[in-house]
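Please read it alongside the model.

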Amino acid sequence: MRLSRRHFIAAAGAAATLTLWPNLSALASTNDQRLLVVLLRGGVDGLHLLPPRDDAAYARLRGALAPQNARALNADFALHPALEFAHSLYARGQLLPVLAIAPPYRQRSHFEAQDCLENGTASANGAASGWLNRCVAAMRGGEALAVSAVMPLIMRGPGAATTWSPPLPEDVDPILLQRLQSLYAADPQLSGAFARALDNQGAGMQVGTARGARLPQAMSAAARFMAAADGPRLGFVEDSGWDTHSNQAAVLARKLGELDAGLRAFQDGAAPIWERTAIAIVSEFGRTAAVNGTAGTDHGTGGLALLAGGAVRGGRIAGDWPGLAPAALNEGRDLRATSDLRGLFKGLLVEHLRLPESALEDQVFPDSRAVRAMPGLIV
């Protein structure tokens, strides 16, 4: 990647940061590992993506919403049938689901939870910069790329980070259309237009078509940049539309199919670096344990993370499963979070990027000494 004027300014900012925070220079790493963070905005329903098998509490809470024909991973959990390629990665030891995980934020605001996840602190307003940017600022010669129309919070700061944006999609997110349809249902002119738009979206949302390929396109672009000889070592991709208050089964079948296609596209495009790459797929929180009255779920707490890539020690399931018994649920309604996402990120930075944990606790993830790096994530 050539050093553009934008890169030069960012690099100069990183140098200033190292001067102000001399301990950051100790974080510099000489390896050539790659890390891609994929943020699924909207609160992914981990209980739908990775349903527990033969679980009476799950059957009682979900009923007909439980996915059919899920692909078994082990005796206790299965993978949604749309995640065919992800299932093959698990069989190859390159997919690691992490159960019951969430940022330290415990309320139900998308925006606050995403800010907390991206700024790497214990609160939504804990930092003005992002933890991935603070990480790249600590890496001598490192660069970061966000596949995004604007610089996301996770990449903001003095580190050498830039953005690349794919062409604008030709369609509108179907979940947004659903919201607008209900808002304008009484309007004689607009109600029919929204109904027709939803019908057209449904007809054209097969994975791999121009309309359904936004996440695969973004992950393919990230692979192309990151696999270059001088490409960025850190990458970020985001996707919206995971807030499934209604019609969840159909929406997630499509969205998970796009995620699966994105994983395949990234592996295809990043073949030269696949064996030294880790992908962290995360969301800001989970969903309610019980189905709601519109065949969906509402904002919850405990979620799910997926790690993928040739560098990941997968083929197993990580995390502390609290169960779905009534007494085990958070506030009587959510899967209880038993792991802090910062611990997962720390584990990746320590084991994969080889950054010292002591410095991460003070600079990359401020005031996080109580959150230990999750071990055993990387081969």
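## Cavities

How many cavities of 30 Å³ or more does the structure hold? The structure holds five. A cavity here is a set of points on a 1 Å grid, over the protein atoms alone, where a 1.4 Å probe fits but cannot get out. Volume is the space filled by probe spheres set on the points, with grid points joined across faces, edges and corners.

The largest cavity has a volume of about 80 Å³. It is lined by 13 residues, and Gly46, Leu47, Gly303, Leu304 and Leu335 are the closest to its centre. Lining residues have an atom within 4 Å of a point. The elements giving two or more residues to this lining are α2 (46-49), β4 (95-102) and β9 (303-308). By class, the lining of the largest cavity has seven nonpolar, four polar and two charged residues.

## Basis of the model

This is a predicted model, in which local features need pLDDT of at least 70, side-chain atom pairs count only at pLDDT 80 or more, and totals for chains, interfaces and linings use all residues. Residues are numbered from 1 along each chain as its sequence is written, and side-chain values use heavy atoms, with hydrogens and water left out.

Helices (H or I, at least four residues) and strands (E, at least two) are DSSP runs, numbered from the N terminus. Ala, Val, Leu, Ile, Met, Phe, Trp, Tyr, Cys and Pro count as nonpolar, Asp, Glu, Lys and Arg as charged, and the others, Gly among them, as polar.

## Helix α10 and its partners

Helix α9 (residues 214-226) and α10 have axes that come within 8 Å and cross at roughly 20°. Axes are lines fitted to C-alpha atoms, for helices over the stretch in contact, and angles run from 0 to 180 degrees between N-to-C directions. The two helices α9 and α10 are therefore roughly parallel (under 35 degrees). Their contact (heavy atoms within 4.5 Å) has 11 nonpolar, three polar and one charged residues. Among those involved are Met219 and Met226 of α9, and Leu259 and Phe266 of α10.

Helix α4 (residues 84-91) packs on α10 (residues 248-269) at about 55°, with the axes 7 Å apart. Glu84, Phe85, Ala86 and Leu89 of α4 meet Asp260, Leu263, Arg264 and Gln267 of α10. This contact of α4 with α10 divides into four nonpolar, one polar and three charged residues.

Key:
1 Å grid on protein atoms, 1.4 Å probe; cavity = no way out; pocket = protein on both sides within 12 Å on 5 of 7 lines; lining within 4 Å. Parallel < 35°, antiparallel > 145°, perpendicular 65-115°, else oblique.
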